[in-house]
Amino acid sequence: MPFASKEKQRAYNKNRYDPTRRSQYHINARGKDLARSRAWYAGHADDQRKQQRELKSQRKFIVLSHYSGSLPRCACCDEERIEFLTINHLNGGGNAHRRTMTTNFYLWLIQNDFPKDFNVLCLNCNFAQGHSRDGLCPHERERELQSKRINPLILCNA
Ligand SMILES: [Zn+2]
Ligand SMILES: [Zn+2]
């Protein structure tokens, strides 16, 4: 018998088949595998996200330029920064329309050959117009008042 005593054999066996040692080995191995695959996916996903972002901004530019004529700008206040620009549904109901869409809104507009009844507004003008009772952006109201030579501050109820 290779062991000096039964106690020594028991100690050896206990050590050898210690479930915590075994599982620790697997945890380490699995941990390394997971870390490796996570690193790979992280790098890969980053590429994909970047590509998707570029594709989306390309689509946005194509759509905005179409509805603006040439250089994308807000139809109301001439804002030119792309980040501020959105597509506005001229007859309202833009959000309801967008909710029915499964694909990206800009892609949908391209695929549907740029339907009429849309224009380009900046987020400010789009929001203000959508939330006003008369459907006018404050810019428009001010322009109207200015053309009548009335001080807009007198009629401002905001
Ligand atoms: Zn604007
Ligand atoms: Zn405006």
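This is a working chat about the predicted model shown above.

Biologist: What are we looking at, and how many helices and strands are in the chain?

Modeller: A predicted model. The chain has seven helices and two strands. Along the sequence, the pattern reads α-α-β-α-α-β-α-α-α.

Biologist: What does the chain average in pLDDT?

Modeller: The average is 82. Of the residues, 78% score at least 70.

Biologist: Which elements have the lowest and the highest mean pLDDT?

Modeller: Helix 7, residues 152-155, has the lowest, at 58. Strand 2 has the highest, at 95. Where pLDDT is low, the predicted coordinates should not be read in detail.

Biologist: Now the inside. What percentage of the residues is buried?

Modeller: Buried residues account for 11% of the 158 in the chain.

Biologist: Which residues make up the largest nonpolar core?

Modeller: Twelve residues: Val63, Leu64, Cys74, Cys76, Leu85, Leu109, Val120, Leu121, Cys122, Cys125, Ala128 and Cys137.

Biologist: Take Leu64. Where is its place, and why does it count as buried?

Modeller: Leu64 is in helix 2. It counts as buried because 20 other C-beta atoms lie within 10 Å, and 20 is enough for that class.

Biologist: Which residues does Leu64 touch, leaving out those up to four places away in sequence?

Modeller: Pro72, Ile82, Leu85 and Val120. Leu64 and Leu85 are 21 residues apart in sequence, and their C-alpha atoms are 7.9 Å apart.

Biologist: On to helix 5. Which residues there are buried?

Modeller: Cys125, Asn126 and Ala128.

Biologist: What do those buried residues pack against?

Modeller: Strand 1, strand 2 and helix 6 (138-147). Ala128 is in contact with Cys137 and Pro138, leaving aside neighbours within four places in sequence.

Biologist: Helix 6, then. What about His139: which residues does it touch, beyond those up to four places away?

Modeller: His139 is in helix 6. It touches Cys76, Cys77 and Cys125.

Biologist: How far is the C-alpha of His139 from that of Cys77?

Modeller: The separation is 7.1 Å. Along the chain, the two are 62 residues apart.

Biologist: Why is His139 classed as partly exposed?

Modeller: Because it has 17 other C-beta atoms within 10 Å. A buried residue needs 20 or more, and an exposed one has 12 or fewer.

Biologist: How much of the contact set spans at least 24 residues?

Modeller: 60%, counting contacts between residues at least 6 apart in sequence.

Biologist: Change of topic: backbone. What is phi at Asp78?

Modeller: Near 70°, a positive value in a residue other than glycine. Asp78 lies in the loop between helix 2 and strand 1 (85-89).

Biologist: Is Asp78 buried or exposed?

Modeller: Exposed, with 9 other C-beta atoms within 10 Å.

Biologist: And Asp117: what is its phi, and where does it sit?

Modeller: Phi of Asp117 is positive, about 70°, although the residue is not a glycine. Asp117 is in the loop between helix 4 (105-111) and strand 2.

Biologist: Why does Asp117 count as exposed?

Modeller: Because it has 12 C-beta neighbours inside 10 Å, and 12 or fewer makes a residue exposed.

Note on methods. Residues numbered from 1 in each chain as written. Chains lettered and ligands numbered in written order. Predicted model: local features only at pLDDT ≥ 70, side-chain atom pairs only at ≥ 80, totals over all residues. Core = buried A, V, L, I, M, F, W, Y, C linked by C-beta atoms within 7 Å. Contact = placed C-beta atoms within 7 Å. Helix = DSSP H or I, 4+ residues; strand = E, 2+ residues; numbered from the N terminus. pLDDT = per-residue confidence, 0-100.
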